[in-house]
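Dear colleague,

I am passing on the structure below, as you are new to it. My notes on what was found follow directly after it.

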Amino acid sequence: MLFEKISVLNGDYAIEKDMYVLTKGSVIAYVGKERPEGEHRRVIDGRHLLLMPAFYNAHGHTPMTILRGYGENMELSRWLNEKI
């Protein structure tokens with residue numbers, strides 16, 4: 001599958017526009033400014049789309065935020081294990 005004219009968030013957290021991304025199965029085989037040669041079974045218009053890394057280990061700290069004043073002046077490990 002080939003994505004044309006897609007925006008890509010690179011490793012420096014900058015967005016590169018009008019990129020080509022070629023996938024083969026579940027693997028990204030090519031990312032670049034030049035269109036890869038050859039026939040592509042499926043071509044997707046990537047305008048208005050952004051390719052970026054997945055969010056692994058996405059979690060929240062809501063209980064800690066809500067209860068941050070509970071157990072004032074305690075060590076972190078004691079606060080987390082005894083109060084939270």
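Apart from its neighbours within four places in sequence, His-40 is in contact (heavy atoms within 4.5 Å) with Leu-2, Leu-22 and Arg-35. Between the C-alpha atoms of His-40 and Leu-22 the distance is 8.8 Å, while the two residues stand 18 residues apart in sequence. This is a predicted model, in which local features need pLDDT of at least 70 and side-chain atom pairs count only at pLDDT 80 or more, whereas totals for chains, interfaces and linings use all residues. Residues are numbered from 1 along each chain as its sequence is written, and side-chain values use heavy atoms, with hydrogens and water left out.

His-40 sits in the loop between strand 3 (27-32) and strand 4 (43-45), where helices (H or I, at least four residues) and strands (E, at least two) are DSSP runs numbered from the N terminus. His-40 counts as buried because its relative accessibility is 16%; buried means under 20% relative accessible area, exposed over 50%, and partly exposed in between, with a 1.4 Å probe and protein chains only. The side chain of His-40 reaches the backbone oxygen of Gly-38 at 3.3 Å, and a polar atom of that side chain lies 3.1 Å from the backbone oxygen of Pro-36.

Ile-44, leaving aside its neighbours within four places in sequence, is in contact with Met-1, Leu-2, Phe-3 and Glu-4.

Turning to another region, Tyr-70 lies in the loop between helix 1 (62-66) and helix 2 (76-83). Tyr-70 counts as partly exposed because its relative accessibility is 45%.

Notes: A polar contact is a pair of N or O atoms within 3.5 Å; within protein, one must be able to donate a hydrogen and the other to accept it, and residues adjacent in sequence count only if both atoms are side-chain atoms.
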